[in-house]
Amino acid sequence: MRKVLTRLVHLHAWEDALAVLTLVGDDGYVSTQDRRVEVLSALGRHAEALAEHQRRLEAKESVTARAALVPLL
């Protein structure tokens, strides 16, 4: 599933990528949350992306993830 998701993101097939992420649900991996933030942001759904990013930071703090938060604000 991750390879499919990576390919969809690479192709900028954002709606399809979001559909895959919806199928995956909350699998507990911060990498999935990071990808969901990327896809939501690309779709212009910034409020949802920001909320997901904040949940991601609560799950596991990261300097890189904290820096990625700035463009969403």
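**Entry 1: the start of the chain**

I looked up methionine 1 and noted that, at 58% relative accessibility, methionine 1 counts as exposed (exposed is over 50% relative accessible area, buried under 20%, partly exposed in between, with a 1.4 Å probe and protein chains only). Methionine 1 sits in the segment before H1, where helices are DSSP runs of H or I with at least four residues and are numbered from the N terminus. Leaving aside neighbours within four places in sequence, I found methionine 1 in contact with Val20 and Val24, contact being heavy atoms within 4.5 Å. Between methionine 1 and arginine 55, which are 54 residues apart in sequence, I noted 22 Å from C-alpha to C-alpha.

**Entry 2: what kind of model this is**

I am reading a predicted model, in which local features need pLDDT of at least 70 and side-chain atom pairs count only at pLDDT 80 or more, while totals for chains, interfaces and linings use all residues. Residues are numbered from 1 along each chain as its sequence is written, and side-chain values use heavy atoms, with hydrogens and water left out. The chain averages a pLDDT of 89, and 97% of the residues score at least 70; pLDDT is the predictor's confidence in each residue, from 0 to 100. Confidence in the chain is lowest in H5, at a mean of 72, and highest in helix H2 (residues 14-24), at 96. I keep in mind that where pLDDT is low, the predicted coordinates should not be read in detail.

I placed lysine 3 in helix H1 and recorded it as exposed, with a relative accessible area of 75%. The C-alpha atoms of lysine 3 and alanine 19, 16 residues apart along the chain, are separated by 14 Å. Histidine 12 lies in the loop between helix H1 (2-10) and H2, and I noted that its phi is near 60 degrees, a positive value in a residue other than glycine. Histidine 12 is also exposed, at a relative accessible area of 53%.

Helix H4 (residues 46-59) has 14 residues and reaches 20 Å from its first C-alpha to its last, close to the 20 Å expected at 1.5 Å a residue, the expected span being 1.5 Å times one less than the number of residues. I listed the buried residues of H4 as Ala49, Leu50, Glu52, His53, Arg56 and Leu57. They cover an arc of only 165 degrees around the axis, which puts them on the same side of H4; the arc is that of the directions from the helix axis to the C-beta atoms. The face turned away from the buried side carries the exposed residues Ala47, Glu58 and Ala59. Among what covers the buried residues of H4, I found helix H3 (30-42) and helix H5 (63-69).

From the H3 side, I looked up glutamine 33, whose place is in helix H3 and which counts as buried at 9% relative accessibility. Not counting residues up to four places away in sequence, glutamine 33 touches Glu52, Arg55, Arg56 and Ala59.

**Entry 3: the largest pocket**

The largest pocket has a volume of about 160 Å³. On a 1 Å grid over the protein atoms alone, a pocket is an open set of points where a 1.4 Å probe fits, with protein on both sides within 12 Å along at least five of seven lines, and lining residues have an atom within 4 Å of a point. I noted His53 and Arg56 among the lining residues, which also include Asp34, Ser62 and Leu72. The elements that give two or more residues to this lining are H3, H4 and H5, and the largest share, four residues, comes from H3.

Definitions and conventions. Grid points are joined across faces, edges and corners, and a volume is the space filled by probe spheres set on the points.
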